[in-house]
Each structure stands twice: as C-alpha cells, then as structure tokens.
Amino acid sequence: AFFLALLLAALASFCRRDQLLVAHLSARLGQSGGLLAVAWLAACMTAGIAAFAGSALASIMPGPAKQMLVAFALLLGAAETLWPWKVRRPKEPTRSLFAIFIVLMAQQIGDGARFLILALAVVLANPVLAGIGGAMGSGAALTMGWMLGGDMDKLPLRAIRYVLAAAMALAGIVIGLSARGIIG
C-alpha cells in the first residue's frame with residue numbers, strides 16, 4: 001500500500017497545477033524552507049483526508065467494486081493529466097505562507113492523486129500506509145517543483161503528461177477489465 005500509493009501519487013502529481021504553482025513561487029520568492037514546509041503540510045493533510053475517506057468506504061464496498069474504484073481513479077488521473085490546465089501565475093504573489101497553504105489545499109483536495117490515494121486505501125485496506133505513501137509521493141513532486149523553480153518550464157511537460165496519462169489509462173483499463181472478469 002505504501003509503495004503503490006507513493007508511486008501513483010508522485011506520477012499523478014507531476015506536471016500538475018500544485019507542482020507548477022510551487023515551482024513558480026519558488027522562482028519568484030526564492031527557495032525558502034517555509035514554502036517547502038507549507039507544500040509538504042498541504043500534501044500530508046490532503047493525503048490524510050483522502051486515506052481517511054478511503055477507510056470509511058472500505059468496509060461498505062464489495063471486492064469487485066473496490067477494483068473498479070481503482071480503475072476509475074486511474075482513468076480520472078489520466079484524464080486530469082491530459083487536461084490542459086491554464087495555470088495563472090500571480091504577478092505579485094503573496095508572501096503569506098498561510099495563503100499559499102490554503103491555495104495548495106484547494107488545488108489538491110479533489111485532484112486525481114488524492115482520488116488514487118482514496119482508492120488505494122479502499123482496495124488495499126491499509127489507509128495509514130496509503131496515506132503516508134501518498135503524502136510522500138505528492139510531497140516529492142512538490143519538492144521537485146520547488147527545486148526546479150523557473151527551470152520547470154524548460155522540461156518537455158506536454159510530452160511527460162502524455163506518457164503519464166497513457167500509462168495510467170492503460171493500467172486503469174486493464175484493472176477495470178480484470179474486475180469485470182473479461183481478462184484474467
């Protein structure tokens with residue numbers, strides 16, 4: 001549960017709005033420890049909320065429905081990765097760490113990475129490890145954005161998004177077909 005959540009949350013968080021925002025703020029405000037701490041706090045809080053919600057759902061869902069939830073989560077993550085989000089970069093970003101924390105929480109609370117953490121907490125019946133792994137994966141992606149700062153735009157972000165979306169969609173389709181008994 002830990003490793004799978006870490007890997008999937010990192011992949012689903014790469015090139016996403018929260019990572020690009022942290023990269024932009026890091027370039028504009030400098031690589032402050034406060035910004036990195038706030039990014040990690042937001043990742044931990046949202047992963048914890050998703051894992052807690054997953055633990056509540058785990059007891060009421062039958063086995064095949066749990067697998068379908070993971071398939072839908074992967075497909076949602078793929079669709080979200082392909083969606084061309086327009087990231088509005090503040091011209092004069094606030095230096096308020098609390099405001100940055102609120103914006104990051106709002107961006108993360110319903111994104112594909114958190115839905116994957118929720119689904120893994122349901123299907124693997126270990127919400128603590130899924131939450132910790134998801135928080136670490138999301139935090140690692142945010143740390144990468146923080147470290148790269150303005151250099152984040154030099155990466156081939158579109159190509160990376162397409163590859164990640166294809167991998168998540170393929171895994172979602174295989175898991176969905178397997179849950180339906182179409183493939184073994």
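Leaving aside neighbours within four places in sequence, with which residues is I117 in contact? In this predicted model, I117 is in contact with A9, A47, A50, A51, A130, G131 and G134 once those sequence neighbours are excluded. I117 also belongs to the largest nonpolar core, a set of 24 residues in which L74, L116, I117 and M168 touch the most other members. Two or more residues of this core are given by each of helix 1, helix 3 (33-58), helix 4 (63-82), helix 6 (112-124), helix 7 and helix 8 (157-179), and the largest share, 8 residues, comes from helix 6.

The secondary structure of the chain comprises 8 helices and 0 strands. The radius of gyration is 16 Å, close to the 16 Å given by the globule rule for 184 residues, so the chain is as compact as a globular protein of that length. Along the principal axes, the C-alpha atoms fill a box of roughly 55 × 30 × 20 Å. Of the contacts with a separation of 6 or more, 92% are between residues 24 or more positions apart, and buried residues make up 43% of the 184 residues.

The accessible surface of the chain amounts to about 9,100 Å², with 71% belonging to carbon and sulfur atoms. A nonpolar surface patch of about 680 Å² is formed by F2, F3, L7, L11, V128, L129, I132 and M136, with helix 1 (2-13) and helix 7 (127-148) as the elements that give two or more residues to this patch. V128, which lies in helix 7, counts as exposed because its relative accessibility is 55%, above the 50% cut-off.

Definitions and conventions: Residues are numbered from 1 along each chain as its sequence is written. This is a predicted model: local features need pLDDT of at least 70, side-chain atom pairs count only at pLDDT 80 or more; totals for chains, interfaces and linings use all residues. Side-chain values use heavy atoms; hydrogens and water are left out. Patches are made of residues with over 30% relative accessible area and no salt bridge: like charges are joined within 9 Å, nonpolar side chains (Val, Leu, Ile, Met, Phe, Trp, Tyr) within 5 Å. Accessible areas come from the Shrake-Rupley method with a 1.4 Å probe; for residues, only the protein chains shown count as cover. A salt bridge is a side-chain nitrogen of Lys or Arg within 4 Å of a carboxyl oxygen of Asp or Glu. Helices (H or I, at least four residues) and strands (E, at least two) are DSSP runs, numbered from the N terminus. Buried means under 20% relative accessible area, exposed over 50%, partly exposed in between (1.4 Å probe, protein chains only). A nonpolar core is a set of buried Ala, Val, Leu, Ile, Met, Phe, Trp, Tyr and Cys residues joined through side-chain atoms within 4.5 Å. Contact means heavy atoms within 4.5 Å. The radius of gyration is taken over C-alpha atoms; the globule rule is 2.2 Å times the number of residues to the power 0.38.
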